[in-house]
Amino acid sequence: SVYPWAETVAMCGGEDYETPISRADFIVLLVSALQLNAYERENFYDVKPNAYYYNAVGVAKKLGLVEEVKFSPELGMTAEAAIEIMKKAGVNPITQKEGAEELTLLDAAKLILQTLKK
């Protein structure tokens with residue numbers, strides 16, 4: 001479950017969670033937290049079928065949450081991109097970071113926790 005993870009990270013914080021979160025990890029957490037699902041999904045050419053994030057990214061693409069031509073799973077998730085994705089998922093997030101600034105694991109946990117509490 002994503003909820004206990006997000007709650008622990010949000011309460012503890014600290015240096016362990018100040019590393020940037022990748023686009024792939026953010027999508028995995030968001031799709032899991034919102035319990036999103038989609039059938040007959042396609043995927044991006046740079047998302048390998050054996051990657052742990054393959055299904056979550058496929059769901060996000062099918063639902064129109066991520067519309068780029070290339071997903072770039074290893075890049076850091078920016079605050080701007082995270083907000084846009086969450087809005088497309090029907091969530092209005094509040095974040096302390098803006099624009100191209102990368103989200104950390106702590107930022108992502110707070111956003112996910114905020115989303116789950118609504």
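Q: Taken over C-alpha atoms, the radius of gyration is compared with a globule rule of 2.2 Å times the number of residues to the power 0.38; what radius of gyration does this protein have?
A: The model is predicted, and its C-alpha atoms fill a box of roughly 40 × 25 × 25 Å along the principal axes. For 118 residues, the rule puts a compact globule near 13 Å, and the protein agrees with this, since its own radius of gyration is 13 Å.

Q: In which helix of the protein is the confidence highest?
A: Across the protein the mean pLDDT is 89, with 98% of the residues at 70 or more. Confidence is lowest in helix α1 (residues 2-12), where the mean is 83, whereas the highest mean, 95, belongs to residues 54-62, that is, to helix α3.

Q: How many helices does the protein have?
A: Read from the N terminus on, the elements run α-α-α-α-α. The protein has zero strands, and the number of its helices is five.

Q: What share of the contacts with a separation of 6 or more is made by residues 24 or more positions apart?
A: As background, 47% of the 118 residues count as buried, while the protein exposes about 6700 Å², of which carbon and sulfur atoms supply 50%. Among the contacts with a separation of 6 or more, residues 24 or more positions apart account for 67%.

Q: How many of the residues of helix α2 are buried?
A: Helix α2 spans residues 23-33 and is mostly covered, and its buried residues are R23, A24, F26, I27, L29, L30, V31 and A33. The cover over these residues includes α1, α3, α4 (79-88) and α5 (105-117). Of the eleven residues of α2, the number buried is eight.

Q: Over the face of which residue does R23 lie?
A: R23 is one of the buried residues of α2. At 4.6 Å from the ring centre, R23 lies over the face of F71.

Q: Is K61 buried, partly exposed or exposed?
A: K61 lies in helix α3 and, leaving aside residues up to four places away in sequence, touches E42, N43, F44 and V66. K61 also lies over the face of F44, at 4.6 Å from the ring centre, and the C-alpha atoms of K61 and F44 are 8.1 Å apart although the two residues are 17 apart in sequence. A relative accessible area between 20% and 50% is the range for the middle class, and with its 26% K61 is therefore partly exposed.

Q: How are the rings of Y52 and Y53 arranged, stacked or edge-to-face?
A: Ring centres within 6.5 Å make a pair, and by this rule the count comes to two aromatic pairs. The rings of Y52 and Y53 have centres 4.9 Å apart and planes at 85 degrees, so this pair is edge-to-face.

Q: How far apart in space are Y39 and D107, C-alpha to C-alpha?
A: Y39 has its place in the loop between α2 and α3, and it is exposed, with a relative accessible area of 63%. In sequence Y39 and D107 are 68 residues apart, and in space, C-alpha to C-alpha, their separation is 30 Å.

Technical notes. Residues are numbered from 1 along each chain as its sequence is written. This is a predicted model: local features need pLDDT of at least 70, side-chain atom pairs count only at pLDDT 80 or more; totals for chains, interfaces and linings use all residues. Side-chain values use heavy atoms; hydrogens and water are left out. Rings of Phe, Tyr and Trp (its six-membered ring) pair if their centres lie within 6.5 Å; planes under 30 degrees apart count as stacked, over 60 as edge-to-face and the rest as tilted. A charge sits over a ring if NZ of Lys or CZ of Arg is within 6 Å of the ring centre and within 35 degrees of the ring normal. pLDDT is the predictor's confidence in each residue, from 0 to 100. Helices (H or I, at least four residues) and strands (E, at least two) are DSSP runs, numbered from the N terminus. Buried means under 20% relative accessible area, exposed over 50%, partly exposed in between (1.4 Å probe, protein chains only). Contact means heavy atoms within 4.5 Å. Accessible areas come from the Shrake-Rupley method with a 1.4 Å probe; for residues, only the protein chains shown count as cover.
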